[in-house]
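My entries follow in the order in which I looked.

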Amino acid sequence: MTKPKPDGSNGEGPAAFNPLPEWLRNEGEAADVVLSSRVRLARNLAGHLFIVKATRKDRQRTLEVCRDTILHCSLAPHIAWYDLHAANPADRTLLVERHLISKQLAKGRAGGPGAAEDPRAVAIGLPDERLSIMVNEEDHLRIQTVRSGLSLAAAWKEIDAVDDRIEAGLEYAFSPRFGYLTACPTNVGTGLRMSVMLHLPGLRLTGDIDKVKRAAADMGLAVRGFYGEGSDAVGDLYQLSNQTTLGKSEASILHDMEHEIVPRIVEYERLSRRELITRRRVGVEDQVMRAWGLLTHARLLTTDEAMGALSLARLGILTGILKATGGAAIDVRTVNQLILLVQPAHLQRVVGRELDQEQRRVARATFVRGRVCTAS
Amino acid sequence: MKCDLCENEATVRETSRRNGVTIEKHLCEACAAAQGIDTGGGAFQKMIEQIASGPASVNISIVTGGTKGGAARLSVCPSCRLTFNEFKQSGLLGCADCYRAFEGQLGPLVERAHQGGVAHCGKVPRRQSAGKPASPVATSSGLSLEERAARLRALQLQLEQAVKSEQYEVAAKVRDQIRKLGGSEA
């Protein structure tokens with residue numbers, strides 16, 4: 001693997017990625033509960049067929065037009081461009097695990113025969129990976145910015161400016177009534193999705209997590225797992241996002257998420273953690289230390305087991321349990337980083353070779369043990 | 001919380017009312033699917049099905065030139081040739097012109113998907129706003145003057161279309177939104 005060039009001329013795959021991307025830095029407001037804030041805009045080009053009706057030739061043309069604009073409008077200090085139809089499957093999975101592309105973009109249109117060759121790409125702002133732009137996903141452009149902690153306003157400010165720069169070079173499909181026109185009418189209007197990645201182990205242990213999910217659903221919000229649509233909430237990680245994009249302005253969506261909804265959930269989680277410490281301390285200590293035992297002594301670990309144990313270790317650090325019980329002096333950033341590195345494609349990158357499922361379980365346990373014991 | 005019917009974790013909640021009594025079910029994905037409850041995966045497609053084939057819209061006309069005085073109701077988009085049936089199956093439109101071609105059918109669908117939202121409110125591409133920079137001045141509605149003006153224009157257009165196509169419920173909602181923004185529906 002070679003280091004990607006900022007001019008986008010490589011297409012050789014993601015190589016020298018940041019070991020701790022922005023969304024795992026544990027910085028910013030409410031980082032004890034909110035891992036990251038993510039803002040996404042869906043945009044389509046006027047005069048270009050949407051993906052479902054576009055032939056391969058049409059999609060190639062769209063891709064080229066987008067690439068010319070994206071690489072020449074100074075969006076970030078360095079922009080790496082990856083043609084995903086030319087990338088190998090391991091690299092595509094790596095990008096999914098880093099939350100830089102969706103599973104759908106990794107697979108290609110509809111995932112059917114020949115889908116892997118569908119012209120599609122991603123542009124990534126390096127070195128922090130705060131900006132990524134998927135080309136030819138469900139919409140021609142899916143622009144995304146991410147920030148550590150609860151920081152939707154900063155993420156929105158950045159994406160708004162990126163959107164303006166791209167729009168200076170491309171004409172978007174837009175109607176006065178429906179706003180920015182998207183392939184699926186559920187995204188039409190602002191095309192804006194604001195989401196936060198929440199770590200909610202306290203609410204799971206108190207049994208109140210279902211109340212939060214129900215309340216979120218009643219407010220018209222979507223609650224998804226770690227890898228978005230259709231994924232489970234492994235490691236007590238949940239993604240919460242707005243669903244309404246028509247009839248509400250960007251400012252209104254931002255205000256509701258950043259000042260009304262998310263702070264309440266953050267407070268609820270913090271309250272749950274305090275209650276667990278004061279009323280159910282032994283039970284929580286037991287859970288945290290069992291997880292710690294798994295991380296430091298297990299010889300075989302699945303991804304979900306590792307994620308579950310890392311979640312409890314994170315809770316143990318943030319509540320002081322791990323230190324008080326002589327567990328370790330490991331920090332939250334190391335745990336956050338491990339959440340990423342235990343994923344299959346990252347693990348194989350760390351080890352430097354392809355592994356089957358059983359080999360991965362051994363390698364994962366060995367790697368985690370080494371990293372946790374060194375850190376503490 | 002466990003599923004009411006098996007040992008799996010309940011991830012689906014369904015609330016219904018029967019004979020005045022509220023019945024709440026907590027089910028896992030598999031049991032919910034077995035009972036015919038949509039668990040979200042195909043929610044949008046199901047909504048399309050309900051709206052497009054329900055009794056209220058049985059009269060969707062299959063014409064190619066628009067209906068008299070109303071919003072266009074076409075069976076096929078003249079630009080990309082996507083049929084409304086194809087859209088019902090995939091949930092995806094084929095081009096920007098599909099919004100105009102299927103406007104009559106999409107209106108109620110979009111309104112339901114966006115919790116009553118009927119018209120765009122917010123950012124407008126600079127090309128559309130004739131090169132005028134967005135005004136930083138906010139109004140009492142929390143919108144900039146530019147946003148408010150754009151929204152009022154869109155709402156007035158929609159009100160006109162709703163009245164023409166005799167969609168009076170939609171028209172009433174749009175009128176309320178216009179009043180809320182301090183505009184006039186005339």
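**Sheet of chain A**

I began with strand 1 (residues 34-43) and strand 5 (residues 141-148) of chain A, which run antiparallel and are joined by eight bridges. Helices (H or I, at least four residues) and strands (E, at least two) are DSSP runs, numbered from the N terminus. I looked up Val39(A) and found that its bridge partner in strand 5 of chain A is Thr145(A).

Before going on I noted the conditions: the model is predicted, local features need pLDDT of at least 70, side-chain atom pairs count only at pLDDT 80 or more, and totals for chains, interfaces and linings use all residues. Residues are numbered from 1 along each chain as its sequence is written, chains are lettered from A and ligands numbered from 1 in the order in which they are written, and side-chain values use heavy atoms, with hydrogens and water left out.

I then traced the whole sheet in chain A: it is open, has eight strands in the order 2-3-4-5-1-8-10-9, and its pairing is antiparallel. Two strands pair if DSSP finds at least two bridges between them. Strand 2 (78-83) and strand 9 (221-224) of chain A are at the edges with a single partner strand each, so one side of each has no neighbour in the sheet. Neighbouring strands are turned by 20 degrees against each other on average, direction ignored.

Helix 7 (residues 250-279) of chain A lies across strand 1, strand 8 (192-199), strand 9 and strand 10 (237-242) of chain A, and runs at about 10 degrees to strand 8. For such angles, axes are lines fitted to C-alpha atoms, for helices over the stretch in contact, and angles run from 0 to 180 degrees between N-to-C directions.

**Backbone exceptions**

Most residues other than glycine have a negative phi, and most peptide bonds are trans. I found a cis peptide bond between Leu126(A) and Pro127(A), with omega about 10 degrees. Pro127(A) is in the loop between strand 3 (121-126) and strand 4 (131-135) of chain A. His99(A), not a glycine, has a positive phi of about 65 degrees. I placed His99(A) in the loop between helix 2 (89-97) and helix 3 (103-107) of chain A.

**Chain A against chain B**

I found 44 residues of chain A in contact (heavy atoms within 4.5 Å) with 42 residues of chain B. The two chains bury about 3,800 Å² between them, 57% of it on carbon and sulfur atoms. Buried area is the accessible area (1.4 Å probe) that two parts lose on being put together, summed over both. In chain A, Lys53(A), Arg177(A) and Pro185(A) lose the most area to chain B, together 19% of what that side buries.

How many salt bridges does the rule find across the interface of chain A and chain B? I noted six, a salt bridge being a side-chain nitrogen of Lys or Arg within 4 Å of a carboxyl oxygen of Asp or Glu. The side chains of Lys123(B) and Asp163(A) form a salt bridge at 2.7 Å, N to O.
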